[in-house]
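I opened this entry to look things up one at a time and to write down what I found. The structure goes in first.

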Amino acid sequence: MTMNKPTIMFVDDEQHILNAMNWLFRKQYNLLFANSGEQAVALLKEHSIDVLISDQKMPGMCGTEVLKAARELSPDTVRILLTGYSDYNAAVSSVNEGEVFRFCQKPWKNDNLKDLVLQAVDIAQMTKTPVSVASTATTAPPLAPATSSFMDRSAGVLIVDMGLKTADQIKPTLNPLTECFVATNLKDAIELLEAKSVGVLIIEHTHRTRQNVQFIKMMKQHHPEIITIVVCENEDINDVIELINAGQVFRFIRMPIRPAMMKMSIDSGLKHHDLLNLRPQLRSRYKVDASMFSAEPINLEAAIETHSDFSFKDLFSRIKRLGRTKDTVH
Amino acid sequence: MKNFSLVRYVTIGSILFFIIAMGVLTVLLKQNSEANLLHMAQQNNYRLSNLLAKTVEEELTFMFANPTLTYDKHPDFKTFYAGVQKNMDGLQVLKVKIFTTIGLTVFSTQLDQMGADKSTNAGFLSALNGVPTSELSHRDTFSAFEQEVSNLDVISSYIPIYLDGAKTPSGVFEVYSDVTPLLAMYKNEQYYTLALTSSIFLLLWSGLFFVIRSADKKINSQIEENQKAKLHMAQSEKMASLGEMVAAVSHELNTPIAFVQSNLNILSDAIGDLIEPSKLGANLAEMCHKTDKDIIRLAMNAASIRQKTSADGLDFEADEFKELLGQSLAGMVQMSELVRNLKDFTRIDRNRSADFNINKGLDNVHYIVRSVIPENVVITKVLGDIPLIPCMASQINQVFLNLIQNAAHAGATEIELATFTEGTNVCITVTDNGSGIPADVLPQIFESFFTTKERTEGSGLGLYISKEIIENHGGELRVSSTVGHGTIFSVVLPIETPANLKQVA
C-alpha cells in the first residue's frame, strides 16, 4: 500500500460491483473492499480512510447504518451512498444519521463517479482534522443534544414558514437565548438574512414551495456555513436526492414535527455552524458547485409568482452579496 | 351477483295483497248485506203472515182443522183468494202458500201448486218446530198471482202460525217477497265501498311506490358504486404490489447493469490504449512472415512509439480483459434470469387457467420476493411431490407473494414454504416465526380494508383478495397463529378445480 495515495473503501454485497470499482480506481487510489457493513466497520477501525462509498441494500447492516458508524468512528471520512434502490426513508436517514456527502444512484457513469470521488478525496484531504484540533473538537457533533456551552451564541435561527405553521411549532423548542426570526416568503427571508446573523435556516419543502429548492441550493452554493434544516411534507425521493447533492441539507424533518427531534437538530445545526466559522476550510465539505444544478433552468416566473416586484435574479444576486456585506459587518 | 329487484317484488306483492284483500272484502260485504236483507225480509214476512192470519182466521181454522183437504174445493175459496190478493196489493209479496201440519199445500196464490206435499222440505220442518227460516235466491222466471215475472231476487220465508194461543204451530205460511230493488241497492253500496277502499289503497300504494322506487334507485347505485370501488381497490392494490415489485426488481436489475456498464466502459477505454501496441505487434509479425531469415535486425523509431503509447504501460493485462468480459457476461446472465423470473411471475401472456406446477411457481415467487423483503429473512422450501393444478398461475403467484410479504412485515426472520398432497387437495403452507396474530384480530384479517400496518403501507386488501382468489379456485385459505411464535397460512387447492373458474380483478 503506497502511503501517499488516498484511501477509498467500497462496501457492497455484490462482488462484481467491488471488482468493477477495483478496475475503475486501482490506479489512482489505495482501495479497501468490504462485502458487508460489519466488515466495513472493522476496516474503519483499522485504517485511515478518506472516502467511503457504500451500497444501501445489504444483508445485515444497511448503507445508512454503515454511514452512521463511519460518522462516529471516522468523522473525517467523506461518506457517499451508492445505491440502485431509491428509498425515501433510506435517503432521509442517510442525511439525518449518516450526514452523507452525496447520494449516488446505480448505474453510474464512470466519468461522473471518477469526478465525484476525486472531489471527495480532495475535500477529505483538505479538511482532515489537524491532530491538535482533533483532540478538542469533532467535525461531526454527536446526535445527542449538546450540553457544552457555546463560544458564540450570536447566530440565530431563521424560520421560513410558508404555510405549514412551522414557526409556531419550532419556537417553543428553541433555547431562550437563541434569537429566532420568522419569514413568510423568500423576500422577507433574504431581508432577514441581510440584516441578521443567521446560523440555521429552517425552510419548508412542499409541492407548493418548489422554488425553495432553488433557494436552498443557491444559499449552500455561496454560504455553506449557514446550516439548512428542511421540513418536508411530501415524500418525493428525487427532491430529497436533489436537496442532498445540490443543497447539502443538514437535516430532514418530517411533518408532523416532533419537538425533541427538532430541538436536537437545531442544537446540532448551531454547533455545526460555529464549527464551520471556527474552521472555515471545513466549509468546502458542504459547498455545492454551480454545475450541480445548472442543468435545470430556473423558472423565474413560476418561482416567485407572488412577488411581481421581486425576481429570482434579484434574489440570486442578493444571496451572492450576502457574504460580502456580512464579512464587512463582522 | 344478481340484484334484488325491490320495485318488482313490492309491486307483485302489493298486487297479490290487493286482490286477496278485495276478494275477502267483497265476500264479507256480500255476506253481511245478505244476512241483513234476510233478517229484514223475514221480519216483514213474519209480520205479514201474522196479519194475514188474523184477517183470515176463520178460513184458517177450517183449513188447519182439515189438514188433508186443499182449500180450492171450499165454496168460499174465490172470496178468500180475492181477499188475500187484496191484502198483498202494494206489498213486495209475490206469493203466499199455506201448509197444514202434515205438509200439504192447502192454499197457494199460484193455483197449480195446491195439493203439493212439503212434508220433507227443510224450511217447512224448521217452521213446524217453531223456527222461521228464510232463503235468498235468484229466479229467472217466477209465477206470481197467475202472472209470470222474470229476473227476480226472491226471499222465501217459512213462518209458523199459531191459532188461538196454541203452543205448537197450527200451520205454516210460505211467503215469497221480491227483494230485487233492495238487493240492487245493497249491491250498489257494496260497489261503492269497494271502489272507495281500492282507491284509498291505490293512493297509498302509489305514494309508497315512489318512495320505494327512489330507495331502490339509491340502493342500486350504492351497490354499483360499492362494486366499482371494490374493483377499483382491487385494481389499485394489484398495481401497488406490482409497483413495489417493479421498484424492487429494478433495483435488482440496477446492480448488474451498473457493473456491466462500468466494465464495458473500462474495456472500451482500455482497448483504445491497445490500438498502437497491437498495430506495432502486427507490423512486426508481418515483417517476420515476409522474410525467410531466422533472425533480422530492426531499426525502430522509438520517439514515435513513445509519443503514441503510454509510458506506464497498459492498464490491463490480456487475462484481465477476459475477466472483465467474463464478469460482464455473468451480469448479463443475472439480468436475463431476473427478467425471465419476472415474466414467469406475472404471466401476463397466460392469464388463463392452465395446468400449473405449484412448486415451480413457488421457486419463481421466492426468486422475486427476495428483492422485495428484507435481506435478513431466510426462506426455506420443503416441496413435496404434488400434481399439476389447473389454475390461474399469475393469481396464485400473487397470493404466495402476498403471504410471504405479510410474513416478512410481521417481523419474521425465517419463512418456510411447504407443499404436500392431502386427500383430493394440494396444500401449500407458509409458516413464519413472526410476531403472530392476536386471537381477537384473527377473525378480521380476511375482511376488506382491515390492516394493522401504517396507513401508507397497507391497503388492507391483500388477504381479502388472496382469500377471494383461492375461493374462486374452489379452494380454501386457512390461518392459525400463536402470538410470539408465528403464523401458518395454508392454501388448500382441489386437484380437480371446478370448471367454472371465476375471473377476479
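What share of the contacts in chain B with a separation of 6 or more comes from residues 24 or more positions apart? I found 71%. Two residues are in contact here if their C-beta atoms, placed from the backbone, lie within 7 Å.

Ground rules. I am reading a predicted model, in which local features need pLDDT of at least 70, side-chain atom pairs count only at pLDDT 80 or more, and totals for chains, interfaces and linings use all residues. Residues are numbered from 1 along each chain as its sequence is written, and chains are lettered from A and ligands numbered from 1 in the order in which they are written.

Entry 1, the chains. I looked up chain B and noted 10 helices and 12 strands. Helices (H or I, at least four residues) and strands (E, at least two) are DSSP runs, numbered from the N terminus. Of the 505 residues in chain B, 26% are buried. A residue is buried if 20 or more other C-beta atoms lie within 10 Å of its own, exposed if 12 or fewer, and partly exposed in between, with C-beta atoms placed from the backbone. For chain A I noted 14 helices and 10 strands, and 45% of its 330 residues are buried. Among contacts in chain A between residues at least 6 apart in sequence, I found that 69% join residues at least 24 apart.

Entry 2, a sheet in chain A. I traced an open sheet of five strands in the order E2-E1-E3-E4-E5 of chain A, with parallel pairing. Two strands pair if DSSP finds at least two bridges between them. Strand E2 (30–34) and strand E5 (102–105) of chain A are the edges, and each pairs on one side only. From one strand to the next, the twist averages 20 degrees. I then checked strand E4 (residues 78–83) of chain A, which runs parallel to E5(A) and is joined to E5(A) by four bridges. Opposite Thr83(A) I found Gln105(A), in E5(A).

Helix H3 (residues 63–73) of chain A lies across strand E1 (7–11), strand E3 (51–54) and E4 of chain A, at about 175 degrees to E4(A). Axes are lines fitted to C-alpha atoms, for helices over the stretch in contact, and angles run from 0 to 180 degrees between N-to-C directions. I picked Ala70(A) from this helix. Is Ala70(A) buried or exposed? Ala70(A) is buried, because 26 other C-beta atoms lie within 10 Å. Leaving out residues up to four places away in sequence, Ala70(A) touches Leu44(A), Leu52(A), Thr77(A) and Arg79(A). I also read the C-alpha separation of Ala70(A) and Ala40(A), which is 8.8 Å for residues 30 apart along the chain.

Seven of the nine residues of helix H4 (residues 88–96) of chain A are buried. I listed some of them, including Ala90(A), Val92(A) and Asn96(A). The buried residues of H4(A) pack against H3, E4, E5, helix H10 (237–245) and strand E10 (251–254) of chain A.

I found four bridges between strand E9 (residues 227–232) of chain A and E10(A), which run parallel. Val231(A) has Ile253(A) in E10(A) as its bridge partner. The chain goes from E9(A) through H10(A) to E10(A), a right-handed β-α-β crossover: with the strands pointing away from the viewer, the path from the first strand over the helix to the second runs clockwise.

A nonpolar core is a set of buried Ala, Val, Leu, Ile, Met, Phe, Trp, Tyr and Cys residues joined through C-beta atoms within 7 Å. The largest has 88 residues, and among those that touch the most other members I noted Val51(A), Ile80(A) and Ala120(A). Helix H5 (residues 110–126) of chain A gives the most to this core, with six residues. A second, separate core of 39 residues includes Phe356(B) and Ile470(B).

I found 18 residues of chain A in contact with 18 residues of chain B. Helix H1 (residues 15–25) of chain A gives the most to the chain A side, with six residues.
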